[in-house]
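Open the model in your viewer and keep the selection panel at hand. The stops below go from the whole chain to single residues.

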Amino acid sequence: MNVPVSYIRRMLGECYPSHEAAALTRIVCCEMLGQRAVDYYLGKDITLSPNEEQTLQGILARLCKFEPLQYIQGHARFMGRDFHVQPGVLIPRPETEELVERMMGELGAGLHVLDVGTGSGCIAVTLALQLPDARVSAWDVSPGALEVARANAAVLGVHVDFALRDVLSYEPSADERYDVIVSNPPYVTESEKCCMEKNVLDWEPGLALFVPDDDPLLFYRRIAALGVRMLLPGGRLYFEINRAYGPATVDMLCAMGYADVALSKDLSGNDRFVSARLQMPLVQ
């Protein structure tokens with residue numbers, strides 16, 4: 001059967017603003033149904049088999065329930081690569097790409113890197129691919145997320161040491177040491193839920209998103225405390241943060257004895273990244 005592009009746009013326009021409905025329509029037609037871009041822009045109908053028509057109706061139904069497009073497609077782009085994502089795994093964000101780009105510009109070869117709260121594995125896998133001779137480890141509290149991360153590492157042909165760890169309770173051994181610790185931990189406060197889009201709030205894992213209003217630095221404080229124990233002298237710490245708590249995060253790290261604590265903005269001009277260095281011991 002022939003399906004007009006205008007039908008798809010009209011169905012999505014009942015749920016989304018016009019500009020967003022238009023963007024989704026193009027993705028559905030060209031990326032998911034295989035319509036040629038030139039035919040899409042010429043406004044040609046899509047010819048679908050009965051099975052393909054059923055697939056289209058399923059896609060539209062899921063989008064109209066505000067399920068994230070990445071979950072429907074089964075993948076998200078990160079640093080030019082496709083990472084499998086599914087419900088229960090946080091969808092990688094452009095800001096996290098910025099964090100990884102910063103790290104790649106500052107770190108050398110042969111480092112042992114730990115990614116805390118790896119989710120889809122996008123940070124850990126990308127660093128393992130991009131940093132020469134790096135040894136990369138990654139933790140997550142979710143067995144489902146680790147399964148996805150392991151699959152992404154396998155598809156992209158890289159080795160990462162994944163482990164099931166609850167960072168809030170884990171006690172490392174004395175010989176567990178790293179050159180770099182990076183984390184994009186939960187940082188959205190409960191009170192910020194009211195400002196979130198339905199496709200995030202209703203679908204993405206709260207475990208990877210939210211922290212209590214009365215302790216917004218919960219994960220940063222714990223990871224920084226572990227860093228004092230696990231980072232080698234001069235080791236680096238990198239965080240993606242809630243834009244509302246940049247100075248507070250900096251003050252916390254300074255109070256814990258970290259040096260070269262730096263707060264940086266993302267491309268949108270928001271406080272988004274904090275880096276620090278574990279001070280070298282004083283020579284007696």
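Select strand β6, residues 135–140, and then β7. The two run parallel and are joined by four bridges. Within this pair, D140 stands opposite L164 in β7. Contact here means heavy atoms within 4.5 Å. Axes are lines fitted to C-alpha atoms, for helices over the stretch in contact, and angles run from 0 to 180 degrees between N-to-C directions.

This is a predicted model, in which local features need pLDDT of at least 70, side-chain atom pairs count only at pLDDT 80 or more, and totals for chains, interfaces and linings use all residues. Residues are numbered from 1 along each chain as its sequence is written, and side-chain values use heavy atoms, with hydrogens and water left out.

Helices (H or I, at least four residues) and strands (E, at least two) are DSSP runs, numbered from the N terminus. Two strands pair if DSSP finds at least two bridges between them.

**The whole sheet**

Zoom out. Seven strands form an open sheet with mixed pairing, in the order β7-β6-β5-β8-β11-β13-β12. Its edge strands are β7 (161–164) and β12 (258–265), and each pairs on one side only. Neighbouring strands are turned by 15° against each other on average, direction ignored.

Strands of a sheet pair through backbone hydrogen bonds, either parallel or antiparallel.

- β5 and β6 pair in the parallel sense over five bridges. Pick L114 to find its bridge partner in β6, S137.
- β5 and β8 also run parallel, joined by four bridges. The bridge partner of V116 in β8 is S183.
- β8 and β11 are parallel, with five bridges. Here V182 has Y238 in β11 as its bridge partner.

Colour by accessibility next. Buried means under 20% relative accessible area, exposed over 50%, partly exposed in between (1.4 Å probe, protein chains only). Five of the six residues of β6 are buried, so this strand is largely enclosed by the rest of the structure. β8 is likewise largely enclosed, because five of its six residues are buried.

Show helix α10, residues 218–230. It lies across β5 (112–116), β6, β8 (178–183), β11 (231–240), β12 and β13 (271–278). Helix α10 runs at about 160° to β11.

**Pockets and cavity**

On a 1 Å grid over the protein atoms alone, a cavity is a set of points where a 1.4 Å probe fits but cannot get out; a pocket is an open set with protein on both sides within 12 Å along at least five of seven lines; lining residues have an atom within 4 Å of a point. Grid points are joined across faces, edges and corners, and a volume is the space filled by probe spheres set on the points.

α6 (94–106), β5, α7 (122–130), β6 and α10 each supply at least two lining residues. By class, the lining has 26 nonpolar, ten polar and eleven charged residues. Ala, Val, Leu, Ile, Met, Phe, Trp, Tyr, Cys and Pro count as nonpolar, Asp, Glu, Lys and Arg as charged, and the others, Gly among them, as polar.

The second largest pocket holds about 570 Å³. It has 22 lining residues, and P68, L69, Q70, I91 and N199 lie nearest its centre.

A search of the whole structure finds one cavity of 30 Å³ or more. Select Y187, P216, L217, Y220, I241, N242, Y245 and T249 to outline the largest cavity. Six of these lining residues are nonpolar, two polar and none charged.

Centre on F66, in the loop between α4 (50–63) and α5. Its phi is near 65°, positive in a residue other than glycine. F66 is partly exposed, at 22% relative accessible area.

Jump to D133, in the loop between α7 and β6. D133 has a positive phi of about 60° although it is not a glycine. With 71% relative accessibility, D133 counts as exposed.
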